[in-house]
Amino acid sequence: MSLRILEPGPLALVEDLGRPGRADIGVSSSGALDRAALRLGNRLVGNDEGCAALEILLGGFSARFENDAWFAVTGASGALLLDGLAVDAHLPVRAPAGSVLRIGAADTGVRFYLAIRGGIDVTVVLGSRSSDVLAGLGPAPLRADDVLPVGAHPANRVGLVDFVPVDHPASGTVSVAAHPGPRADWFTESALSVFFEHEWAVSPESNRVGTRLDPVREPAHLAGREPGAVPLLERAVVDELPSEMMVAGSVQVSPDGRPTVLLADHPVTGGYPVIAVVADASLDLFAQLRPGQHVAFRHASAHDSRAAG
Amino acid sequence: MTAARRILPAGDRALLVELPHLDDVLALYDALDGARPVGVVDLVPASRTIGVTVDPAVLPLSVADSWLANTEPAAPAVAADQRAVELRVRYDGPDLADVGALLGLSPAEVVSLHTGSVWRVAFSGFAPGFGYLVTDHDRLVVPRRATPRASVPAGAVGLAGEFSGVYPRSSPGGWQLIGSTDAVLWDAADEAPALLSPGTVVRFVEVP
């Protein structure tokens, strides 16, 4: 069983649920950024939730099934064509041997997940098949003519479903729950209110290491003052911070006052102070944010934490 | 004696404990590492902090908090039975003479101090398998190079600040290079991929 990549698009990677538990030797968890989409895709084709699948950035992807296969596409939404015929996302689809799947440009969200019954069966490195783009672990980004082995069919059946209710990635301002960070007290009180009260725009420089955020200039009629006031995250403590553990969701603030939300391939330690930490239940949202899209942070409630469990 | 420690929040599945000195970190890390409750995912020492991440379904953060707050630091004697690694080093680094000049020592004296000291991995970082090694004196403390090198070869042995370290793979780097080793510091195909992990005791041995 195998899948031949014809066009990988801008970035197609193999990802599963990552390799947690090795931060002490400098290895981050890595794994699918949109964990819920990976899990759903795997469940639809009867795989264990943690099987490896493809994480496909922005679309423009095509691949040929070298054998009969079942697959499901989740995450971002966009046109899906199997041998030229439209097929549904979020459902198991049967692909005859030799058929070609094309994933068009993402309309909402940015990361598609292509799960195949049996799972992508590349070599396990440190307990995971995931590509970590920062540490350089796992398979390299996929290229045209790569042939990926697919594992044996699992015992579970393909899901017998006609329709799966799914929240498509939001296209407007996305509300994100965040907890105070370990170094919240290194910032002025006004920096903390700026962080939670202003909207932030996703920078095009974002990747699997982190989502960089730019301040959004407020329209003058809302700010009640001169137009173009740029919110800054001002430090109360300007000492150099000795490097300390970072987690996925840590919002570190660089010396220019801009926040970056660290994601799955983050460095395990860092020396920029962390003003806030995104609630685990909100972390998958960052997988699907488009450049320029706005983010509004809210204070995490007990409900946000329960959802994370 | 318990050094003042401060527990800092880090989201819904992590905490940091902050301590006054690296020595306090080493002693508390040894004690925590020796008694990890089920549900601890990561225990990450750094120079003034130890980070812990948990699976909150198994270990609630409140329980991890009291584990961090109430664990007594280990006595220094614990270090005696830790893993020990001997690294064979050719002291042929391009910065050996500069390091000697900075410290007012001859190159031979730098080598003899480096081989005569017992080092331990305080924490990892920078790259997978890169251990920050500390020893019990400050006679080899040197600044980083003013201009980092674009490429430092794997196995290069360096000094920076209070630390010594060995590059696990080729990368850019600003440490003062005093030697090189053929030891494999990182092998991702190995179940234990890092030769040096926090707590490992390291002795350097000079080879021609």
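In this predicted model, the contact between chain A and chain B takes 29 residues from chain A and 31 residues from chain B. Within chain A, an assignment into two parts gives domain 1 (2–149) and domain 2 (174–308), and these two domains also touch one another, with 19 residues from domain 1 and 16 residues from domain 2 taking part.

**Contact between the chains**
- On the side of chain A that touches chain B, at least two residues each are supplied by β12 (174–180), β15 (244–245) and α5 (302–308) of chain A.
- Sorted by class, that side of chain A has 17 nonpolar, nine polar and three charged residues.

**Contact between the domains of chain A**
- The C-alpha centres of domain 1 and domain 2 of chain A lie 29 Å apart.
- On the side of domain 1 that touches domain 2, the elements giving two or more residues are α1 (35–44), β5 (69–77) and β10 (108–116) of chain A, and the largest share, three residues, comes from β10(A).
- By class, this side of domain 1 of chain A has seven nonpolar, eight polar and four charged residues.

**Nonpolar core**
- The largest nonpolar core has 142 residues, of which A:Phe71, A:Tyr113, A:Leu114, A:Ala115 and A:Ala178 touch the most other members.
- If residues up to four places away in sequence are left out, the residues that A:Tyr113 touches include A:Ala32, A:Ala37, A:Leu38, A:Leu54 and A:Val73, and among them are also A:Asp34, A:Glu55 and A:Thr74.
- In soluble globular proteins, nonpolar side chains tend to be buried together.

Note on methods
Residues numbered from 1 in each chain as written. Chains lettered and ligands numbered in written order. Predicted model: local features only at pLDDT ≥ 70, side-chain atom pairs only at ≥ 80, totals over all residues. Domains from an automatic or database assignment. Contact = placed C-beta atoms within 7 Å. Helix = DSSP H or I, 4+ residues; strand = E, 2+ residues; numbered from the N terminus. Nonpolar A, V, L, I, M, F, W, Y, C, P; charged D, E, K, R; others polar. Core = buried A, V, L, I, M, F, W, Y, C linked by C-beta atoms within 7 Å. Buried ≥ 20, exposed ≤ 12 C-beta atoms within 10 Å, placed from the backbone.
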